Amino acid sequence: MHADETHAWTPHDAQLGEVSLHFLRGRNRQGPPVMLVHGWPEFSRTWRKNLPALAERYDVVAPDLRGFGRSSKPGHVCPPQVYADDLLALADHLGGQPDGASWAGAFTVIGHDVGAFVGQMLARAHSERVRGLFFFNCPYDGIGGRWLQHGQFREIWYQTFHQMEWAAELVGTSRDTCRTYLSHFLRHWSHDPHAFDEDLEAWVDNFLQPGALQGGFNWYRSIAEERRRAIAGEAPAPQVIHVPAYVLWGRHDPVLRSEWTDGLEDYFSALTIELAESAGHFVHFEQPDLANDRMLAFLERVHARAPGPS
């Protein structure tokens, strides 16, 4: 981690009903609110190359989703909407603080992978609280049967594996087994297989916390039925999201394939799509300068359209 990054945020915890969400916060106190939502296998540290740049202008929080990082790890599987409800509860918590009034209104969600899916659920359920959506490599129901076509099933085996009762115990047998498992995804899904070399041990430390492997795996258990319906062509018609949206998708992502951007416009009415030509799955981490430039430009446009808290 670069020295200037270590001073760009402070860690916090918020008690939100049955769960406590851990989050990092970096802020311009006069800046509008922005929430960064990670994917799998990730946690809030995944934004370390982005949070400093955003925090110069915005009030930025990067939570660990329930089950991940240092957030609570309930022993049960929750419906996927609960992950979105947690984010709204966190915003409400921040909005109730003496210096957090802007969070009581609308905020922008920036999400990757799981975080992008959760962001869509939040925008559909509470559109009045979402000012804009910026997504990296965005899963959506319209992928449908393509999860299994043209040999793609070879890339998504882990989604079934994570639903096995013994999966977390097996992966967490030792530090070596955990490292081997995580490094497969961090290297195979990145266009540059060495992108996470500097951070790999921090990733292992994180997922070896008690309950952290199972907590992350539980997302796949929670979403399994919805994904089955989508693959079978049984998903409901798209509920279109009308807030401004931008998707920056890594050209070389082997698991969320960039050609799947072709169905996104059925789900968003005000959408810009761009491919990151030199990135894989983790655009924000692999190409942080590009990601930061596009995020800041999007945020400036969104807040120029609707200045001040909603």
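With which residue does Arg 45 form a salt bridge, and how far apart are the closest N and O atoms? In this predicted model, local features need pLDDT of at least 70 and side-chain atom pairs count only at pLDDT 80 or more, whereas totals for chains, interfaces and linings use all residues. Residues are numbered from 1 along each chain as its sequence is written, and side-chain values use heavy atoms, with hydrogens and water left out.

Arg 45 forms a salt bridge (a side-chain nitrogen of Lys or Arg within 4 Å of a carboxyl oxygen of Asp or Glu) with Asp 199, the closest N and O atoms being 3.0 Å apart. Because Arg 45 lies in the loop between S3 and H1 and Asp 199 in the loop between helix H6 (175–188) and helix H7 (200–207), the pair ties together parts that are 154 residues apart in sequence; helices (H or I, at least four residues) and strands (E, at least two) are DSSP runs, numbered from the N terminus. Both Arg 45 and Asp 199 are buried, where buried means under 20% relative accessible area, exposed over 50%, and partly exposed in between (1.4 Å probe, protein chains only).

A salt bridge also joins Arg 129 to Asp 92, with the closest N and O atoms 2.8 Å apart. This pair links the loop between H3 and S6, which holds Arg 129, to helix H2 (residues 81–95), which holds Asp 92, across 37 residues. Arg 129 is buried, at a relative accessible area of 11%, while Asp 92 is partly exposed, at 40%.
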